[in-house]
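I opened the notebook to look up a few side chains and the aromatic rings around them. The entries follow in the order in which I went through them.

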Amino acid sequence: HTFKKHVEKLLGLEISALKKEIATSFCKPVHALATATATWHASIRDDAGFNLIAAVLDGNDRLLKHSTHNSLQDFYNRYHAITGAPHTDAAYLRNTQAPEDTNAVAPAVSSFTSLLEALFHRSWEAYLNQ
């Protein structure tokens, strides 16, 4: 009985550590891809990466499903924790984005959504459902 409890505790710690690593491994590339998309896209500002993330991830449970993030705010909190980046952008706080910021990234939302779905949803679904 004690051995079983010990194994359950170790497995719980391992799962917790893996979830943290998955969450971290999701934040960095999503931010890098958002920054690259904003830089590449001719009709949005180069510094609109966080606004693009907010427009795509906010309420998108399908994209957050395998990331271990429960919400956009959870994503931003994790990103802040791993990078030390200041929470100076309004996009960090859910529902505080100005409508003009949301509208400004609208031309890139579809392509960024497709990119994230391919990398972080469809690939994980295919892998997990083998």
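I began with F120, which counts as buried because its relative accessible area is 13%, where buried means under 20%, exposed over 50% and partly exposed in between, with a 1.4 Å probe and protein chains only. I note that this is a predicted model, in which local features need pLDDT of at least 70 and side-chain atom pairs count only at pLDDT 80 or more, while totals for chains, interfaces and linings use all residues. Residues are numbered from 1 along each chain as its sequence is written, and side-chain values use heavy atoms, with hydrogens and water left out.

Next I looked up the aromatic pairs, meaning rings of Phe, Tyr and Trp (its six-membered ring) with centres within 6.5 Å, called stacked with planes under 30 degrees apart, edge-to-face over 60 and tilted for the rest; I found 5 aromatic pairs. One of them joins F26 and F75 edge-to-face, at 6.0 Å centre to centre and 85° between the planes. I placed F26 in helix α1 and F75 in helix α4 (residues 72-83), 49 residues apart, helices being DSSP runs of H or I with at least four residues, numbered from the N terminus. F75 is buried at 0% relative accessibility.

I also noted one aromatic cluster formed by F26, F50, F75, Y76, Y79 and F120.

Last, I checked H31, which lies in helix α1 (residues 2-40) and counts as buried at 19% relative accessibility. Leaving aside residues up to four places away in sequence, H31 touches F50, I53 and Y79, contact meaning heavy atoms within 4.5 Å.

Technical notes. Helix = DSSP H or I, 4+ residues; strand = E, 2+ residues; numbered from the N terminus.
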